[in-house]
Amino acid sequence: MERLKSHSDFVAVLKRRRKVSRHDFIVHYAMRDEARAHGVATPGIRRMGLAVSKSVGNAVTRNSVKRRFRVLASRYEHTLPEGVDVVLRAKPSAASASFQSLDEQMATGFEAVALKLHQD
């Protein structure tokens, strides 16, 4: 999965206000065709960005949460359609959540995103 890097890419996804909420994180998503008007390019690949604020913990804790999210997202990225941009926003509870709990939430979260995009 490619990474969202620029601020404008994050804003394009968050501006769409489409999300799936889980106990420890929120999945914001947008199809790239929809986001293209906001300056997002390159169809065909899935891209992900992480938003882990200071409310989650200190730098060590935030980096740990980011590493977990990257591993889990790569595990379930195949469930997402091509051309989707995703921003995972961690809730403070993500710092103390078990890996197994995050794994289950990521699986159901990505499946919910795929289902919602399929219905549209």
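Biologist: Buried means under 20% relative accessible area, exposed over 50%, and partly exposed in between (1.4 Å probe, protein chains only). Going by that, is V13 buried or exposed?

Modeller: V13 counts as buried, because its relative accessibility is 0%. Keep in mind that this is a predicted model, where local features need pLDDT of at least 70 and side-chain atom pairs count only at pLDDT 80 or more, while totals for chains, interfaces and linings use all residues. Residues are numbered from 1 along each chain as its sequence is written, and side-chain values use heavy atoms, with hydrogens and water left out.

Biologist: Got it. Where is the place of V13?

Modeller: V13 sits in helix α1, which covers residues 7-15. Helices (H or I, at least four residues) and strands (E, at least two) are DSSP runs, numbered from the N terminus.

Biologist: And what does V13 touch?

Modeller: Leaving aside residues up to four places away in sequence, V13 touches L4, H28, Y29, A30, D85 and V87. Contact here means heavy atoms within 4.5 Å.

Biologist: How many residues apart in sequence are V13 and Q105?

Modeller: They are 92 residues apart in sequence, and their C-alpha atoms are 21 Å apart in space.

Biologist: Is H28 buried or exposed?

Modeller: Buried: H28 has a relative accessible area of 9%.

Biologist: What does H28 touch?

Modeller: Not counting residues up to four places away in sequence, H28 touches V13, L14, R18, K19, D85, V86, V87 and R89. With R89 there is also a side-chain polar contact of 3.3 Å. A polar contact is a pair of N or O atoms within 3.5 Å; within protein, one must be able to donate a hydrogen and the other to accept it, and residues adjacent in sequence count only if both atoms are side-chain atoms.

Biologist: Let's switch to the sheet. What order do the strands have?

Modeller: The open sheet has 5 strands in the order β1-β4-β5-β3-β2, with mixed pairing. β1 (2-3) and β2 are the edge strands, and each pairs on one side only. Two strands pair if DSSP finds at least two bridges between them.

Biologist: Remind me, how do strands of a sheet pair?

Modeller: Strands of a sheet pair through backbone hydrogen bonds, either parallel or antiparallel.

Biologist: Is the β3 and β5 pairing parallel or antiparallel?

Modeller: Antiparallel, over 7 bridges. H28 has V87 in β5 as its bridge partner, and M31 stands opposite V84 in β5.

Biologist: What about β2 and β3, parallel or antiparallel?

Modeller: β2 and β3 run antiparallel, joined by 3 bridges. The two strands form a hairpin with 3 residues between them. V20 has V27 in β3 as its bridge partner.

Biologist: And which way do β4 and β5 pair, parallel or antiparallel?

Modeller: β4 and β5 are parallel, with 5 bridges, and M48 stands opposite V86 in β5. On another side of the story, β1 and β4 run parallel and are joined by 2 bridges, where R3 has M48 in β4 as its bridge partner.

Biologist: Why is β4 largely enclosed by the rest of the structure?

Modeller: Strand β4 (residues 47-51) is largely enclosed because 4 of its 5 residues are buried.

Biologist: Now the helices. How many residues has helix α4?

Modeller: Helix α4, residues 99-119, has 21 residues and reaches 30 Å from its first C-alpha to its last. Its buried residues include L102, M106, F110, V113 and L117.

Biologist: What do the buried residues of α4 pack against?

Modeller: They pack against β2 (19-21), β3, α3 (59-76) and β5 (84-90).

Biologist: Last one: is N63 buried, partly exposed or exposed?

Modeller: N63 counts as partly exposed, because its relative accessibility is 36%. N63 is in helix α3. N63 and K5 are 58 residues apart in sequence and 16 Å apart in space, C-alpha to C-alpha.

Terms used. The expected span of a helix is 1.5 Å times one less than its number of residues.
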